[in-house]
Amino acid sequence: MIRSLNLRSLKNSDFFQVFNFRDEYARGRSCIILSTLVSTIYSSLINGIFYTGFLLENGIDMVDIGYVSSIPLLCSLFGIFTPVLINRFKRRKFLLCFSRLLYLTINILGITLVPVLPLSLEAKKAYIVVVVFLSNMINQLFATGFTAWHSNFLTEDIRPKYFSYQQIISGLTSFVALLVSGILTDAVSASGGSKLPIMMALRFSALVFAILDVFILSRPREFEYKTSSDKVSVFSIFTDPFRYRDFIRCMCIVFLWTFTYQLSLSAYQVYALNDLKVSYTVISTVDAMYGWFIFFIVPFWRRYTLKHNWYRTLRVTTVPNCMTYLIGLFIVPANGFWLYPVYRLIQHGTGVGFNYAFANIAYVHLPDTDRTSCLSFHLLTSQVAGFLGQIVGTTLISAFQDVNITLPGLSLNNVKLVLFIQCCMNLVLILYVCRFTKRFANSGRAA
């Protein structure tokens, strides 16, 4: 009797209303969330601090890492061909899954083999550039096809619940993956061994999860793809989205945030490792703690969004999230062992709500027609903004290498100068978001 009641209450819970296998829409969402779990595992092992550390172990310096990190963003330009390529296919499942498998295999396996290749340092740099460029070109050509396909399962009434559970699951999964991999990496280093073998093992493990991810993504049903025109051209990615003014306003937020976020991202990771002497275990553990922040805080923001609207959530989370970057200006080697973790934990607290709101930004004003073009434009906007932010930030760091400005209570080297510029850009973003959200609040629209 008690067991029957527990099963009934479980089946009637919010989670099982969103994720189950009783109907094709919930089944599709279940596959997408499983993909989120698996992709979070392999992304944690091959990106972020472990990607930066892997390149550092192979002799790539801070400036070179910045330029290498900009290549995937440069490849976003190939996204303009996405509508032409995939809108010709009424059924795209096989094409999309094969392209993703090819991208992940080239990217993960190609980079992992760098330490064992009999190449000079300059040749290794050229090889990395080719591998990163080729794999990300393939990804950019087809990536938004998955979003256009899977967006059918994320109806407006489901999205707040879905994104809250998505963030919780990805956050907790990332916590485990980052914590274990960070401890293993530092343990090998402390014993006097090289970090490269353990990093290579982690990347090979990531490839297994990547293959599983492709299989899961292939399971949902395909629906008919709607377009407003029978004629598809390369320029449709630039013309179709501009028929929807509110969607373009959302893309302005995407551009501003992504550009500012990328300015100091890779450089500050190198600064933490080399200058602040923060260990992989500390960095990965602190990063992994984000999962627990999500677990406890996202339910609050989901209730807040349902009570008010998405616009208000975006506004009240953008301001504190952007302001936290000011703390990074005051971190120096003398206080880095305690202030850096505190800085990142504060960013976790403010970032949960912002990322929850930001995850929904592509869908709030996504039209029923021309979804492939609009989502390709969204991805292109994000990647171009990221590329420009990465290039501008790396160029400034290279130009300011010998600059050190001392102010009362504040010392600015090249990395912190770029971070200061980032803080100024964050103020611009805050002003735009406040104006954007006020406009829709006054019009009475909610999302």
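Colleague: Are Trp310 and Phe436 buried or exposed?

Modeller: In this predicted model, Trp310 is buried, and Phe436 is too.

Colleague: What angle do the planes of the rings of Trp310 and Phe436 make?

Modeller: The general idea first: a pair of aromatic rings is described by the distance of the centres and the angle of the planes. Here the planes of Trp310 and Phe436 stand at 90° with the centres 6.5 Å apart, so the pair is edge-to-face. Trp310 sits in helix α16 (residues 310–323) and Phe436 in helix α20 (residues 414–443), which puts them 126 residues apart in the chain.

Colleague: How many aromatic pairs are there?

Modeller: The count is 21 aromatic pairs. One of them, Tyr268 with Tyr340, is stacked, at 6.5 Å centre to centre and 15° between the planes. Tyr268 belongs to helix α13 (residues 265–274) and Tyr340 to helix α17 (residues 336–359), 72 residues apart. Both tyrosines, Tyr268 and Tyr340, are buried. Elsewhere, ring pairs join Trp257, Tyr261, Tyr325, Phe354 and Phe358 into a cluster.

Colleague: At what angle do the axes of α3 and α10 cross?

Modeller: Two packed helices are described by the angle between their axes and the distance between the axes. For α3 (residues 24–46) and α10 (residues 195–217), the axes come within 8 Å and cross at roughly 160°. The two helices α3 and α10 are therefore roughly antiparallel, and the crossing is left-handed.

Colleague: Which residues make the contact?

Modeller: Among them are Leu34, Val38 and Ile41 of α3, and Ala206, Phe209 and Asp213 of α10. The residues of this contact between α3 and α10 comprise 14 nonpolar, three polar and two charged.

Note on methods: Residues are numbered from 1 along each chain as its sequence is written. This is a predicted model: local features need pLDDT of at least 70, side-chain atom pairs count only at pLDDT 80 or more; totals for chains, interfaces and linings use all residues. Side-chain values use heavy atoms; hydrogens and water are left out. Axes are lines fitted to C-alpha atoms, for helices over the stretch in contact, and angles run from 0 to 180 degrees between N-to-C directions. Helices (H or I, at least four residues) and strands (E, at least two) are DSSP runs, numbered from the N terminus. Angles under 35 degrees count as roughly parallel, over 145 as roughly antiparallel, 65 to 115 as roughly perpendicular and the rest as oblique. A crossing is left-handed if the near helix is turned anticlockwise from the far one by less than a right angle, and right-handed if clockwise. Contact means heavy atoms within 4.5 Å. Ala, Val, Leu, Ile, Met, Phe, Trp, Tyr, Cys and Pro count as nonpolar, Asp, Glu, Lys and Arg as charged, and the others, Gly among them, as polar. Rings of Phe, Tyr and Trp (its six-membered ring) pair if their centres lie within 6.5 Å; planes under 30 degrees apart count as stacked, over 60 as edge-to-face and the rest as tilted. Buried means under 20% relative accessible area, exposed over 50%, partly exposed in between (1.4 Å probe, protein chains only).
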